[in-house]
Amino acid sequence: MLIDGAFSVSLIFNIVAIFIILGMFMMPRNAVEKNDTGTKLLKGMFICVIIGAVFDSISRSPLITGLIYVDRAIPVITEISGVGFMFLLLLYTDYAFYGSRDHLRRHIVAYAAPFAFIAVVAVINMFVGVLYTIGGAQGITIHGLYFFFQILEIFYLFIPAIYLLICSIKSGRKKFFHPLSICIPILCGVIVTGITSFSLLFLGFATGLAFLTLSKVDSRRFVDAGTGFYNRAYLDYILKMIADKKGSFKGMITADIDGDGKAFSEVLKEELPSAGEIVNMGKGRYVYFADTGDLTELNTAASLVNMGAEEYDEDHPDKILLRETACSCFKDDEAIQAAIKTLTQIEK
């Protein structure tokens, strides 16, 4: 039996995708990221790519043509793997930019609904033929639901990558990677697979994941392994954003302590809104960059930190000795320069 050229090309692309994913599986991870929600979502995307690439190759193979149920079942698995990848990318984007499991839980139904619909209809069609039926003199008979289903699936394959780009533009924080480096391979894979006879879908997914994973590895030099907060090296990035009036930061809270920094980091995580970012400057100094410039809100957040530290210290005497907290906002050029000066002095 002759092997089709499109199948050979698709097989090569899928094998390359699998090897890329296996290489990322073997990359070392630090203790902070090991059980992180974002890391678990990444692993889920890795698995989707491997499963999808394997079954995509099988579904295109001329060797399985005519086998009962195989012609229908294997493409369904491939399809679910593809939309499953995009579903997990939606979840990862939400968690990466909002850093909150609560925010993720509040939106998960909206993220999951199209994926669940696509998966359920694809499985039902395998047995009942609600989208199309095969057989008879007409060959394939397409039903009305098929067109709605195809439109929904195409949108779902584009939306997660676009959402990633929108979140990055909206927040002004690229998280050390340019979102286009992830979006372009994914979208190219979707488009090429849709308009040609060979599959670039899972290679596009794998390439986007490779850029994302490598950027996470590079960003570790900006993260304090003990607390999971950003370190002093990250401050230059923050200062540049503040000076250029880019990003979402509109105010800050500085805190100075004597005592257990790891214990204090738990207080900060619990009391401060997850939308901001915390920098551990070392020597007991912390800076929280907020997405609000309202001094009343900043002072309220600082008060919560003070109370949280006091409550912790009551249960664990002499663990946290909070010396002072101070709030400032970036309302005009003078305030911005004063904040930059304060941060530069703290850095020294």
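**Charged pairs**

I looked up Asp258 and found it partly exposed, because its relative accessibility is 38%, where partly exposed lies between buried (under 20% relative accessible area) and exposed (over 50%), with a 1.4 Å probe and protein chains only. I note that this is a predicted model, in which local features need pLDDT of at least 70 and side-chain atom pairs count only at pLDDT 80 or more, while totals for chains, interfaces and linings use all residues. Residues are numbered from 1 along each chain as its sequence is written, and side-chain values use heavy atoms, with hydrogens and water left out.

I then took up the salt bridges (a side-chain nitrogen of Lys or Arg within 4 Å of a carboxyl oxygen of Asp or Glu), of which the count is seven. Arg323 and Asp258 meet in one of them, at 2.3 Å from N to O. Arg323 lies in strand E6 and Asp258 in strand E3, so this pair ties together parts that are 65 residues apart in sequence; strands (E, at least two residues) and helices (H or I, at least four) are DSSP runs numbered from the N terminus. Arg323 also forms a salt bridge with Asp256, at 2.6 Å, and I recorded Asp256, Asp258 and Arg323 as a linked network. Asp256 counts as buried because its relative accessibility is 14%, whereas Arg323, at 42%, is partly exposed.

**Nonpolar surface**

Next I looked for patches, made of residues with over 30% relative accessible area and no salt bridge, with like charges joined within 9 Å and nonpolar side chains (Val, Leu, Ile, Met, Phe, Trp, Tyr) within 5 Å. The nonpolar patch, which includes Ile15, Leu22 and Ile77, has about 750 Å² of accessible area together, by the Shrake-Rupley method with a 1.4 Å probe and only the protein chains shown as cover. Helix H1 gives the largest share of this patch, four residues. I checked Leu22, which lies in helix H1, and it is partly exposed at 37%.

**Core**

Which residues have the most contacts inside the largest nonpolar core? I listed Met45, Val49, Phe85, Met86, Tyr156, Phe205 and Leu209, in a core of 50 residues, the term meaning buried Ala, Val, Leu, Ile, Met, Phe, Trp, Tyr and Cys residues joined through side-chain atoms within 4.5 Å. Helix H4 contributes the largest share of this core, eleven residues.
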